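I opened this notebook to keep track of what I looked up, entry by entry, beginning with the whole chain and ending with single elements.

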Amino acid sequence: MSGNGRALVLGGGGVAGIAWLTGLITGLADAGTDVTGADLLVGTSAGSAVAAQVGSGRPLTELYAAQADPARQYREMVPPGVSVADVVEAWTRIAAGAGDAAEVRRGLGARALEAQTVPEAVRREVIAGRLPVHAWPSRPMLITAVEALTGELRVLDRDSGVDLVDAVAASCAVPMIWPPVTIGGVRYVDGGVRSGTNASLAAGYERVLLLVPLEDPTLDEEVAAVTAKGGRVEVVRPDEASVAAAGADPLDPATRTPAAEAGRAQGRSIAARIASFWG
């Protein structure tokens, strides 16, 4: 990896996170700080969808409208039966009895494999609708997923032989809510099961802009992996208005318009700071 490149790392946060990330990036560009030309894109869960959207080369105005304008929003699904709070509760119980993080990931994967969800094909159609282009971009882009059985991280890119839609679907497969995604006979769950950002994949890059829709307990460790190799990291979290816009359920499609609008306003407000970092 380049020692003088710039990486844009996009974290997980549900459909509200997709909208906020898109709004934030658009707001930065509005104010003259366009970060979409990053040398590396890293996407986890919601961030994988935004990475693919940014990597598509489509104008930010088009990507933003697909989040903020109800008339142009792509189809999303309301999670059937299990809530984010249910997932957090299960995660907490598993973590309390686990010996290490890998055991937690395997426990969540097991719960995901047992859960009754919509069929994979139905969920894949939704993911396909999120992506304006279904081909991998020519520049480096890394999408994260976790093997349900082993708990091991898998990093997918254009050389992995995996379809982009399948890669994003796997990264967005929230355990117990959405079905694990089958790739080459292996079942995968959300990349956020390992880390909400997986920012350590950007280690070796000089400047790493880390956009974090939801708080992530692994954040300090991931940032340390980048700084240990000489990288500088700038972290952006939702401001108060953006947190309010996302509401209590980041998977609720109704959060898209307010989250996108709040993200855009936040992006404009912090553009000068990000410009001095991004260069």
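Entry one, charges. I counted Lys and Arg as positive and Asp and Glu as negative, leaving out His and the chain ends, and I placed each charge at NZ of Lys, CZ of Arg, CG of Asp or CD of Glu. On that basis the mean positions of the 24 positive and 32 negative charges of the chain lie 4 Å apart.

Entry two, sources. I noted that this is a predicted model, in which local features need pLDDT of at least 70 and side-chain atom pairs count only at pLDDT 80 or more, while totals for chains, interfaces and linings use all residues. Residues are numbered from 1 along each chain as its sequence is written, and side-chain values use heavy atoms, with hydrogens and water left out.

I found 10 helices and 8 strands, taken as DSSP runs numbered from the N terminus (helices H or I of at least four residues, strands E of at least two). The radius of gyration is 17 Å, close to the 19 Å that the globule rule gives for 279 residues, so the chain is as compact as a globular protein of that length; the radius is taken over C-alpha atoms, and the rule is 2.2 Å times the number of residues to the power 0.38. Buried residues make up 56% of the 279, where buried means under 20% relative accessible area, exposed over 50% and partly exposed in between (1.4 Å probe, protein chains only).

Leaving aside neighbours within four places in sequence, Trp 91 is in contact with Val 104, Leu 108, Gly 192 and Val 193, contact meaning heavy atoms within 4.5 Å. Leu 108 is 17 residues from Trp 91 in sequence, and their C-alpha atoms are 6.8 Å apart.

I followed strand β3 (residues 141–147) into strand β4 (residues 153–156), which run antiparallel and are joined by 4 bridges; two strands pair if DSSP finds at least two bridges between them. Val 146 has Leu 153 in β4 as its bridge partner. Between the two strands of this hairpin are 5 residues, and Gly 151 in the turn has a positive phi of about 75°.
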